[in-house]
Protein chains: 2
Amino acid sequence: MSLADIPVIQGVASSLTGNAPILLREIAEHLRRLLDCGETAAIDLQALPLTPADRAWLRERLGNGEIRVALEAEGQSTLEETGCQGVWWVTHHNEKGAVVSEFIETAFVPELVKAHPDDVQSGLEHLELLISDLC
Amino acid sequence: MSLADIPVIQGVASSLTGNAPILLREIAEHLRRLLDCGETAAIDLQALPLTPADRAWLRERLGNGEIRVALEAEGQSTLEETGCQGVWWVTHHNEKGAVVSEFIETAFVPELVKAHPDDVQSGLEHLELLISDLC
């Protein structure tokens, strides 16, 4: 196989498009709004024209944080804190392990990690039932 | 080795003391306060006279939830949601992997998982520096 045989699309996919630095500026703006008024945001990476090289560039610039959340519910979701606290790289997988969506969230803690009061109420009722069975 | 050679302490350690059901009632009370006024609480398991059997009983009753948080900072901490949402089983390890403390926390989300505004501010400054280097 010669170089001429390699489809052009592969060359494009591995190149930086210049979109990642724009995204980095948007993330900084989201962080400012989080600090100024507690506003959270999520950027849907699959809705943007990013090449694998763009994503790798972005991921490397954001770096790795200390927290990794794994959530098991009809496929695994991972919520990874980046090196910039308040910025989370969120990946949702289906039951077969394939990535179905990917977001960059700006939040003190992603909403998905918080227990909903209705669910806490159900948990309490379950616990009260357990306790009454002990008597 | 005969049965007579087994130290008595092993027999005690594997028995239920009756303390775990008391703890279960306390957890239910903590959940009520969480729902009523947003008050969080943490029970230090190492400060209580619990046998391994007591812990296993408690863990089994609380069940497993969908969320597991791993935090890497001078040893790993794990924050596991139990089957009762709002109740988290928190284990801190030292750098060698030994358990140094263990808590049952009641919170919508444990405080440790939340990014602190000062750290988010530092992250933003780091990001702004990165962006200015791109120009």
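Modeller: What follows is a set of questions and answers about this model, which is a predicted one.

Biologist: How do you know that the two chains are related by a two-fold axis?

Modeller: A rotation of 180° with 0.0 Å of shift along its axis superposes chain B on chain A, with an RMSD of 0.0 Å. That is the relation of a two-fold axis. In chain B, the residue that comes closest to this rotation axis is B:V69, whose C-alpha lies at 2.2 Å.

Biologist: What makes you say that the copies meet through the same surface?

Modeller: Of the interface residues of chain B, 100% are also interface residues in chain A, so the copies meet through the same surface. The contact takes 39 residues from chain B and 39 residues from chain A. On the side of chain B that touches chain A, helix 2, strand 2 and helix 4 each supply at least two residues, and helix 4 gives the most, with twelve residues. By class, the residues on that side of chain B divide into 25 nonpolar, five polar and nine charged.

Biologist: Why are helix 4 of chain A and helix 2 of chain B called roughly antiparallel?

Modeller: Helix 4 of chain A, residues 117-134, packs against helix 2 of chain B, residues 19-37, at an angle of about 150°, with the axes 10 Å apart. Angles over 145 degrees count as roughly antiparallel, and the two helices are therefore described in that way. Helix 4 of chain A also passes helix 2 of chain B in a left-handed crossing.

Biologist: Which residues meet where these two helices touch?

Modeller: Among them are A:V120, A:L124, A:L127 and A:I131 in helix 4 of chain A, and B:L24, B:I27, B:L31 and B:L35 in helix 2 of chain B. This contact has 14 nonpolar, two polar and three charged residues.

Biologist: What makes strand 2 of chain A and strand 2 of chain B a pair?

Modeller: Two strands pair if there are at least two bridges between them, and five bridges join strand 2 of chain A to strand 2 of chain B, with the two strands running antiparallel. One of the positions to look at is A:L71, which stands opposite B:I67. Ten strands, with antiparallel pairing, form an open sheet in the order 1(A)-5(A)-4(A)-3(A)-2(A)-2(B)-3(B)-4(B)-5(B)-1(B).

Biologist: Why are strand 1 of chain A and strand 1 of chain B said to stand at the edges?

Modeller: Each of these strands, residues 41-44 in its chain, has a single partner strand, so one side of each is left without a neighbour in the sheet. From one strand to the next, the twist averages 20°. In chain B, four bridges join strand 1 to strand 5, and the two run antiparallel; B:A42 stands opposite B:E105 there.

Biologist: How do you know that strand 4 of chain A pairs with strand 3 of chain A and with strand 5 of chain A?

Modeller: At least two bridges are needed for a pair. Five bridges join strand 3 of chain A to strand 4 of chain A, and seven bridges join strand 4 of chain A to strand 5 of chain A. Strands 3 and 4 of chain A form a hairpin with four residues between them, and A:G86 in the turn has a positive phi of about 100°. Strands 4 and 5 of chain A form a hairpin with five residues between them, where A:G97 in the turn has a positive phi of about 90°.

Conventions:
Residues are numbered from 1 along each chain as its sequence is written. Chains are lettered from A and ligands numbered from 1 in the order in which they are written. This is a predicted model: local features need pLDDT of at least 70, side-chain atom pairs count only at pLDDT 80 or more; totals for chains, interfaces and linings use all residues. Axes are lines fitted to C-alpha atoms, for helices over the stretch in contact, and angles run from 0 to 180 degrees between N-to-C directions. Angles under 35 degrees count as roughly parallel, over 145 as roughly antiparallel, 65 to 115 as roughly perpendicular and the rest as oblique. A crossing is left-handed if the near helix is turned anticlockwise from the far one by less than a right angle, and right-handed if clockwise. Two residues are in contact if their C-beta atoms, placed from the backbone, lie within 7 Å. Ala, Val, Leu, Ile, Met, Phe, Trp, Tyr, Cys and Pro count as nonpolar, Asp, Glu, Lys and Arg as charged, and the others, Gly among them, as polar. Copies are superposed by least squares on the C-alpha atoms of residues with pLDDT of at least 70 in both.
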